[in-house]
Amino acid sequence: MIRLESICVDFGGLRAIDHASFEVEAGRITGLIGPNGAGKTTAFNVIAGAVRPSAGRVLFDGKDITGLKPYQRAQRGLARTFQIPHEFTRLTVLENLMAAASAPEGENVFNVVFRRGSFDAEERAIYDRARETVRFLELEHVIDVPAGNLSGGQKKLVELGRALMRDPKIILLDEIGAGINRTLLGKLADKIKLLNTEQGLTFCLIEHDLDYVSRLCDHVLVMAQGQLLTEGTVDQVRNDERVIEAYFGGGKYEAQA
Amino acid sequence: MELTGLFFYLVSILIAGGIYALLCLALNIQWGMGGLFNAGIAGFFAVGAYTSAILTTEMSTKHLGGFGMPVVVGLIGAGVLAGLMGWAVARICVRLKSDYLAMASIGIAEIMRLVIVNESWATNGSLGLAGIPRPFGEFVSGRSADLVFLAYVWAVVLIVYLVAMRLYDSPWGRSLRAIRDNEVSADAAGKNIEKFRVQTFVIGCAFMGVAGGLSAHYFRFLSPSATDPLLVTFLTWVMLMAGGSGNNRGAIVGGLGIWTLWSVTEIFVNRLPPEWVTRSSYIRMLLVGLLLQFVLQKFRAGIIPEKSPPIRFRE
Ligand SMILES: Nc1ncnc2c1ncn2[C@@H]1O[C@H](COP(=O)(O)OP(=O)(O)OP(=O)(O)O)[C@@H](O)[C@H]1O
Ligand SMILES: [Mg+2]
């Protein structure tokens, strides 16, 4: 579904991604792991269009999307969450979710002023969907609170809610688990599984908790120092020497110790 | 006599206050909802004022036109031309971050004003345009004309308010506020940021142009000094901040309220000793600045702060 072809990303003098190529297959839940600073979030930014690669191509369903802007990719069915929450601060939780939905009739400025009836049905559907999502994410008690006033974990849930509101083909989840309580996290895992099996929704998730990854993911990509180190099932990569090396030993980490 | 004098003083405050309420509504669409820092209000105001004046005055050798058209046509023309200017500015600057947009818009607005002052074949330069008609000018004259104009101005305010409310209470407005709050995630949620911003800027500038047109018809005479950025841009910003950025009612309250205070300070300042009177406009600025400080200390988000619109389907 998503293919990176020898992608490079440079930030000033720092090469955050160095000729990385990998594929996120349709219908799967793929994990993306690796030590801090490996380039995982940057890879997501490249897929979503927020960061321009200095070399390489990004393919989405076989089509080259390297030149497309983030919103164009979103409109083609790509949704993402941010590692650091990017909530719409002054909008309420409900509005945050509703704003994320696509609303072609209601976002037409002519309709808004002169044809108020034209987006009623669309808006009603968005509202019902948002209510349902809020209920599922257990955010009902803060539904009318401006998102800027939420706790870190709640903001993460809003991030997830917005991605769900988009009706995407693929969702990129960047450390969605960080800061969310265990019970709810378990429920989220069930929901992700359900969306995957019932609706065939594709996921790619960055997560540091390997148990969580093993519970969800059929396939894991391992990144280290801007490159794809290896891939396989969780058990395969867990026992891979290079992975252990990247996490526990190796180069710069040893030098610091 | 004293009483009628006071009454018509009040009428004059309400007329100018209405024109400022329009400017505040327009700025609220751009800044309050859209987060676009327009520091060139005076430029769009000037374009509207001159457009409406040229369209409605009688044929003259001193300036372009006039075309002797009805006032309504003049005001629509003012909105259209100011909106087009806004579109041109937005196409160039809308990608800029807000502080840069502020600088770009102030520069472009000043260029527009300088063009107006210097292209005297069109605008009669610093001598100005005279004989600008009032709406229904053929039917009423004298002081009752002020009353008619008062009703006219507030009818326009009402229309613009209703439009602004519709913009605010809609998926369009919600997405616009989402873009204002977080551009990156609005982008990731499929919002075409540039399109929203261009639309927002054009709508706001068009209303600023209408406000400019109204002020030309009010004073019946128009010269470059009527578009002083201190009086137009600065004061409008103060009004919106005090009234409540992001709230249409706050915009109207801020416009009318600050204008009333501004007018009242004139009475005080005129009583000052002569050597101070020459500095009166600075003293008034200072007073208004202090007032804004005071208001914002007490009400952080203005007198009537932003509030999310109710959701229609809610039980
Ligand atoms: N906008 C940026 N400007 C400059 N350097 C950046 C930027 N974004 C990321 N980097 C650098 O790129 C490298 C990869 O960062 P990235 O955020 O992709 O890591 P990560 O794998 O997501 O790490 P973590 O697990 O800590 O979130 C880091 O060295 C980081 O400092
Ligand atoms: Mg990261």
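Colleague: Happy to have you here! In which helix of chain B is the place of Ala42(B)?

Modeller: Before I answer, please keep in mind that this is a predicted model. Chain B holds 13 helices and 0 strands. Ala42(B) belongs to the one that covers residues 41–56, which is helix H2.

Colleague: Is Ala42(B) buried or exposed?

Modeller: A residue is called buried when its relative accessible area is under 20%. Ala42(B) has a relative accessible area of 1%, so it falls under that cut-off and is buried.

Colleague: Which residues is Ala42(B) in contact with, leaving aside neighbours within four places in sequence?

Modeller: Contact here means heavy atoms within 4.5 Å. With the neighbours within four places in sequence set aside, the partners of Ala42(B) are Arg113(B), Thr227(B), Pro229(B), Val232(B) and Thr233(B).

Colleague: How many Å apart in space are Ala42(B) and Ala109(B), C-alpha to C-alpha?

Modeller: Along the sequence, these two alanines are 67 residues apart. In space, the C-alpha atoms of Ala42(B) and Ala109(B) are separated by 6.7 Å.

Colleague: Now for chain B as a whole: what radius of gyration does chain B have, and what would a compact globule have?

Modeller: Chain B has 315 residues, and for that number a compact globule would have a radius of gyration near 20 Å. The value for chain B agrees with this, as it is 20 Å.

Colleague: What share of the contacts in chain B with a separation of 6 or more is made by residues 24 or more positions apart?

Modeller: Let me start with burial: 55% of the 315 residues of chain B count as buried. As for contacts with a separation of 6 or more, the share from residues 24 or more positions apart is 78%.

Colleague: Which residues of chain A coordinate the magnesium ion (ligand 2)?

Modeller: The distances to the magnesium ion (ligand 2) are 1.9 to 2.1 Å. One donor atom is OG1 and the other is OE1, and they belong to Thr41(A) and Gln83(A).

Colleague: How many residues apart in sequence are the parts that this pair ties together?

Modeller: Thr41(A) lies in helix H1 (residues 40–48) of chain A. Gln83(A) lies in the loop between strand E6 (78–80) and helix H3 (93–100). The pair therefore ties together parts whose separation in sequence is 42 residues.

Colleague: What relative accessible area does each of them have, Thr41(A) and Gln83(A)?

Modeller: Partly exposed covers the range between buried, under 20%, and exposed, over 50%. Thr41(A) is partly exposed at 24%, and Gln83(A) is partly exposed at 32%.

Colleague: Where in chain A is Cys8(A), and which residues does Cys8(A) touch beyond four places away in sequence?

Modeller: Cys8(A) is part of strand E1 (residues 2–11). Cys8(A) counts as buried because its relative accessibility is 2%. Beyond four places away in sequence, Cys8(A) touches Arg15(A), Ile17(A), Asp18(A), His19(A), Pro53(A), Ser54(A) and Ala55(A).

Colleague: One of those was His19(A). What is phi of His19(A) near?

Modeller: Most residues other than glycine have a negative phi. His19(A), in strand E2 (residues 14–24), has a positive value, near 50 degrees.

Colleague: Last one! Where is the place of Asp167(A), and what is its phi near?

Modeller: Asp167(A) sits in the loop between helix H6 (152–165) and strand E7 (170–174) of chain A. At 55% relative accessibility, Asp167(A) counts as exposed. Phi of Asp167(A) is also a positive value in a residue other than glycine, near 55 degrees.

How values were computed. Residues numbered from 1 in each chain as written. Chains lettered and ligands numbered in written order. Predicted model: local features only at pLDDT ≥ 70, side-chain atom pairs only at ≥ 80, totals over all residues. Heavy atoms only, no water. Helix = DSSP H or I, 4+ residues; strand = E, 2+ residues; numbered from the N terminus. Buried < 20%, exposed > 50% of the residue type's maximum accessible area, 1.4 Å probe, protein only. Donors = N, O, S within 2.8 Å, 3.2 Å for Na, K, Ca; no water. Rg over C-alpha atoms; globule rule 2.2 N^0.38 Å.
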